[in-house]
Amino acid sequence: MNTTEEVLAQLNPNLRKKLNLGSEIKYFRQETPSFALNRALNGGLPYGRQTLVWGSKSAAKSSLCLQIVAMAQAEGKTAAWIDAEQSFDPSWATKLGVDTDKLIVSEAKTTNDMANVGTDLMTAGVDVLVVDSISALLPAIYFEKGSVELKDLENTKQIGAESKDMGNAVKMLNFANKNTLLILISQQRNQISAMYTQLQPTGGQATKFYSSVVIKLFSSESQKQAIEKKMQVGDKLINEIVGREVTWDIQFSKTSPPFQKGQYDFFFRGPDIGIDRMADLADTCVELGIIEKGGAWYTCEGERYQGRDKLVLGIKEDLDMQEALIEKVRNV
C-alpha cells in the first residue's frame, strides 16, 4: 500500500498544486451579535460558504445581517449588500453600526443580475455579501428574451421558473465563492401538499442544499413577545413597544451541531437598537452556569443583582465584567 506522500509524488505537478491535505483546510468564522448563537455555530458563520437566513416577517432578518456586516467592518473587512427588495435604509444601517460610506450596495432585481453581480463581487474579493432577499428576485421568464422589458403577466406562467433560476444562480455563486461569507435572506412561504401545509424558504431545494448553515428566525406578532418599556414623551413617561423576542433555530449546519435553538431580545426603539448583546451575554452565562441564579437573585463576578434587568444593567455599566464574561463564554 502506498503512503500519502508516495501517492502525491506520482501526481502531475500541476495537479499537485491544486490539492491540499485535510489538515491544511482552515475555517474562518464571522461572529454574530448573539453570544448564544455564536456558541451554537462553533464560533460564528463560516467564510467561503453560503448561509441561508429565513423566517417570519417580524423576526428582523435583515437587521441581524446588518449587525453582522457592522461587526465585519469593525474588523477591517469589506462588505456588499444586494438590495433586491429596495428596502435598504442608510439611517437604520448606521444605527446598527454599519459604515455606509464603505458598504457596496447593488439594487439588482432579477435572479440573473444577482448572480452576475454576486460572482463579480466575490471574484473581486469582497469579504461579506448579503442578498436581501432572494424572495424578491424575478426569474428570466418575466422578461422578453434578450431584453429587460417585462412581459404581460399572463405570459409569465411557467411551473418551477423561480426554483430553476435560483438553483442555477446558487451553483454559480457556490463556484465563485472562495473566501466570502455569503448570506441569502429569504421570506417564508407555504408549501401546500395533499396532507398539510408547511412553511419553507423561497428558492427551491437547491437554496438549502448549497447552504452550509440554515438559520430560521421567528417572532410572532402577538403581544406576548413584545418588549415594553417606559419612554419619555414630552413631560410624561408612557409604556411603548420598543422591541420583540426573537427565536433562532439552526435547522441545518455542516460546520457545527444542527438542531440548536435559542432566543434574544431585539430592539427597534430606545437606547439599545438591534440585538441586545449584553442581555444575550447575561442569558448565555446563566445557561452555562457562569452566572449563578437563585430565585430572583443573580451572582456575577462576586456581585449580587435582584432581577434580570438589574443584572443586564450591571454588565452594561461594568466594562471589566463584560470582558471577563465574554472571555469565559468563548472558552467554554
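Tyr 298 touches Val 286, Ile 291, Glu 292, Lys 293, Glu 303, Arg 304, Tyr 305, Gly 307, Arg 308 and Leu 311, leaving out residues up to four places away in sequence. Contact means heavy atoms within 4.5 Å. Tyr 298 sits in strand 15. Tyr 298 is buried, at 10% relative accessible area. Buried means under 20%, exposed over 50%, and partly exposed in between (1.4 Å probe, protein chains only).

This is a predicted model, where local features need pLDDT of at least 70, side-chain atom pairs count only at pLDDT 80 or more, and totals for chains, interfaces and linings use all residues. Residues are numbered from 1 along each chain as its sequence is written, and side-chain values use heavy atoms, without hydrogens and water.

Now for helix 11. Helices (H or I, at least four residues) and strands (E, at least two) are DSSP runs, numbered from the N terminus. Helix 11 has 13 residues.

| Side of helix 11 | Residues |
|---|---|
| Buried | Met 321, Gln 322, Leu 325, Ile 326, Val 329 |
| Exposed, turned away from the buried side | Asp 320, Glu 323, Asn 331 |

The buried residues fall within an arc of 130° seen down the axis of helix 11, so they line one face. The arc is that of the directions from the helix axis to the C-beta atoms. These buried residues pack against several elements, including strand 15 (297–300) and helix 10.

In the meeting of the two helices, Gly 314, Ile 315, Lys 316 and Glu 317 of helix 10 contact Leu 319, Met 321, Gln 322 and Leu 325 of helix 11.

Notes:
The expected span of a helix is 1.5 Å times one less than its number of residues.
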